[in-house]
Amino acid sequence: MTTTMATSEATPRKAKVGSLERQRRWALGGSYAALSVFVVIFLVPPFYMIMTSLKSSAEISAQQGSPWVVQNPTLDNFIYLATNAQFQRYFLNSVWVTGLVVILSMTIAILAAFSLSRMGFKGSQVISTGVFLTYLVPPSLLFIPLFQIVGALGLINNTWVLVLLFPTLAVPFCTWLMIGYFSSIPKELDEAALIDGANYLQILLKVFIPVAMPGIIAATIFAFTVGWGAFLYPLAYLYSADQAVLTVGIVRELIRGDVFAWGTIMAACVMAAAPPILIYTFLMDYYVAGLTAGATKG
Amino acid sequence: MAQVTLRKVVKKYDEVLAVRGIDLDIVDKEFIVLVGPSGCGKSTTLRMIAGLEEISDGDIAIGGDVVNDVPPKDRDIAMVFQNYALYPHMNVYENMSFGLKLKRTPKDEIERRVKQAAQILDITELLDRKPKQLSGGQRQRVAMGRAIVRDPKVFLFDEPLSNLDAKLRVQMRTEIKKVHQKVRTTTVYVTHDQVEAMTLADRVVVMNAGLIEQVGSPNDLYHSPATKFVAGFIGSPAMNFIACRVEQAAGALRLRLSDTLSFPVPADRTARYTPHVGKPNLLLGLRPEHIIETRPHIEPNQHDFEILIDVVEPMGMETLVYFTIEGTEVCGRVNPNAGATAEKPMKLRADLSNMHLIDDSTGKVL
């Protein structure tokens, strides 16, 4: 009697452990499957873009052979673009516009987030919420009323209009992100700095910015993406070739009527996509280095 | 010279009074501990001295100068926070020198002071580590170092040991006391732990509900509490409060605890307690160490009684016994070898020379 009871008690427990392991294996398998689908969906277009950018026009229009493989890789498309004065102008326009947008947006966002999260003045809560709400208005709805304003300012077809407009897209989100980061810094830290003799500007520069560096990098990457990748505003407000930026320039320059220069378009896309990736990689490295600096020394 | 003076200091948050008008004189080089339960206003008081909270009414003076509207950095104070508040991106040296750098102190002077403070606190070999590479106790030392290097008029400590484990807390407590003996700076220290308060303070300030209950040396508070709150707050296990009546019989006063239990009032207190004969709401306050096992030799004002023990808690060096008088649980401390057994009667001895008579309606010790 006792033996039977012992076995009947032991068996279900063993089965339970087994089922947990099996569940875990199923969950892992599911994760891998889902992630594989995810990776394929996201990485196939860039892969196709790079492949096509390395082909000559003849190879692209050829009917035989797999479109996923390059038979005779060539850098002609890249060389053509790099030596094309028009493309150089678009690229440079994008660079200085994005640079200014990042600097302007981050300066405003950091100052705004610091005052909203730390100075605790009347109405700071309402303003914080308001800042985020402005981010929820889609830019595609804003560009028509903005056209009127830009027209009144006499900035139609002037690249500077982007320096004015892009921060309106970047600042709300960056501010919101930075408010979150700054709020996670313990209040005692600024109180300690206050007692140590720092004023608000010194607290911001010497304590908050270094401590919130990961958040600042995230916000910077976002502001950069906004400035670099925007399509609608430059398309709407800039019409002459010398004022255009990269996104619009590629379409204008390389699609002539119904003729698509696919090889050059793809090469231009690769070159346009490179700076964000490079900057992201560099900043991530810096970010990770900052996190682990000194951690291994002791 | 850095005495700190508080005059009728009030702190109001909207309509809530956190501090309700307190007066306090802290003399130069003194170690003052503000102690009380959470929400009693002790931290608010400290933060008002630091300048981190504005005061709603009254005056605070440091070294004779009223500092009501002086920003924290110009008050010449240093503060140690409960969660250390070290700058995470700076190493220990940079953390300690940050305040001096902001004051544009010469480099060699900074180095001299940091090295000296590091030596006092025994953290010299940690100077180029980042805070996250330090243990809790080391971080606390660095936080203290950051305070010491600035050579302030007043040190402020806001529950600095609460985040440490019990063993380290005792160790750091001694450490803080040693540092104060070396540096001799006026110190205001906030804690909710009465043991910390007793062991560290020159004088303890017991606060309750935004008011000061009593100020005095640790021994004063322990032996002559002014109120029921102080009597119950200081000491562990806490003082017993037993409902009682003062009776006059045959020209002598007796303290009646129940129909069967009464003790004669100590002779030296007869005059003091006579006005309270027959009054309601009186409590006998008696600490557990004044309820002991019977011994052959009996002192004046000690009285034996027999009672049924409910629970016995052996502590090693002593045994706590719990019994009930008229529904009130009472604790006594007896010798571990006295043979205390749960649910058995035991002969105990009450030492009334250290008793307190408390008016429960006013909370005052009579």
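This is a predicted model: local features need pLDDT of at least 70, side-chain atom pairs count only at pLDDT 80 or more; totals for chains, interfaces and linings use all residues.

Reply: Residues are numbered from 1 along each chain as its sequence is written, chains are lettered from A and ligands numbered from 1 in the order in which they are written, and side-chain values use heavy atoms, with hydrogens and water left out.

Helices are DSSP runs of H or I with at least four residues, strands are runs of E with at least two, and both are numbered from the N terminus. Buried denotes under 20% relative accessible area, exposed over 50% and partly exposed the range between, with a 1.4 Å probe and protein chains only. The buried positions of H2(B) are B:Val92, B:Asn95, B:Met96, B:Ser97, B:Phe98, B:Gly99, B:Leu100 and B:Leu102. From chain A, helices H8 (187-196) and H9 (200-211) pack against these buried residues, as do H3 (107-121) and H4 (136-148) of chain B.

As for the chain that carries this helix, chain B has nine helices and 21 strands. Of its 366 residues, 51% count as buried. Contact means heavy atoms within 4.5 Å; among contacts in chain B between residues at least 6 apart in sequence, 67% join residues at least 24 apart. An unreviewed UniProt entry places "domain: ABC transporter" at residues 4-234 of chain B, a span that is 37% helix and 26% strand. UniProt positions follow the numbering used here, feature names are shortened, and annotations may be inferred rather than shown by experiment.

In chain A, the unreviewed UniProt annotation "domain: ABC transmembrane type-1" covers residues 91-283. This span is 81% helix and 2% strand, with its end C-alpha atoms 21 Å apart. Within chain A, A:Thr175 is found in helix H7 (residues 160-183). A:Thr175 is buried, at a relative accessible area of 1%. Leaving aside residues up to four places away in sequence, A:Thr175 touches A:Ala109, A:Ala112, A:Ala113, A:Leu116 and A:Val131.
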